[in-house]
Amino acid sequence: MERPRFGPDADAGLLLRRGGALVADALLVATLFGLASVAFRLLAGSPLPAGGWLLPAAYLGHYVAFEGAFGRTPGKRLLGLVVRERDGSPCGLRAALVRNLLRVVDGAVFYLVGLAVVVLTDGDRRIGDHVAGTRVVRDGE
């Protein structure tokens, strides 16, 4: 039975877990990127040569690689979540790429677009999930 989206029986915990996983993954990527930047500067004597696109590419690559290979990122694992395809199987590489390319749209205005879509549509899925045919669920569901 699907949980109601609103009211006392709604699964607000899932939404909070998704937000927590987002923060955990962002902190992980930022920390690793910062360490790599410092190491590069120390070893090469100059900053990373990629300009402003390397951090967003690392962030996207983090999500695509982990969700494509394992069905979840370290942040989702920490909070007991997994990305599933329509048939219930773990998220594959194609679905991970599609759902995460659409983070650009979902993440607009500090993720308010994605949050609005999650709250207002059936199934509690953001735009990337709708297009990729995926759903974020608690591990074991």
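1. The side chains of arginine 99 and glutamate 67 form a salt bridge, with N and O 2.8 Å apart. The term salt bridge stands here for a side-chain nitrogen of Lys or Arg within 4 Å of a carboxyl oxygen of Asp or Glu. Because arginine 99 lies in helix H4 (residues 93-101) and glutamate 67 in helix H2 (residues 54-70), the pair ties together parts that are 32 residues apart in sequence. Helices are DSSP runs of H or I with at least four residues, numbered from the N terminus.

2. This is a predicted model, in which local features need pLDDT of at least 70 and side-chain atom pairs count only at pLDDT 80 or more, while totals for chains, interfaces and linings use all residues. Residues are numbered from 1 along each chain as its sequence is written, and side-chain values use heavy atoms, with hydrogens and water left out.

3. Is glutamate 67 buried or exposed? Glutamate 67 counts as buried because its relative accessibility is 0%. Buried means under 20% relative accessible area, exposed means over 50%, and partly exposed is in between (1.4 Å probe, protein chains only). Arginine 99 is buried as well.

4. The side chains of glutamate 67 and arginine 99 are also joined by a polar contact of 2.8 Å. A polar contact is a pair of N or O atoms within 3.5 Å; within protein, one must be able to donate a hydrogen and the other to accept it, and residues adjacent in sequence count only if both atoms are side-chain atoms. Leaving aside neighbours within four places in sequence, glutamate 67 is in contact (heavy atoms within 4.5 Å) with residues including Thr73, Lys76, Val83, Cys91 and Arg103.

5. Arginine 99 also forms a salt bridge with aspartate 129, where the closest N and O atoms are 2.7 Å apart. This pair links distant parts of the chain, with aspartate 129 in helix H7 and arginine 99 in helix H4, 30 residues apart.

6. Aspartate 129 meets the side chain of arginine 18 in a salt bridge too, at 3.0 Å from N to O. Here the partners are 111 residues apart: aspartate 129 is in helix H7 (residues 127-132) and arginine 18 in helix H1 (residues 12-44). Aspartate 129 counts as buried because its relative accessibility is 0%; arginine 18, at 15%, therefore counts as buried too.

7. Which residues are linked in a network of salt bridges? They are Arg18, Glu67, Lys76, Arg99 and Asp129. The count of salt bridges comes to six.

Terms used. Helix = DSSP H or I, 4+ residues; strand = E, 2+ residues; numbered from the N terminus.
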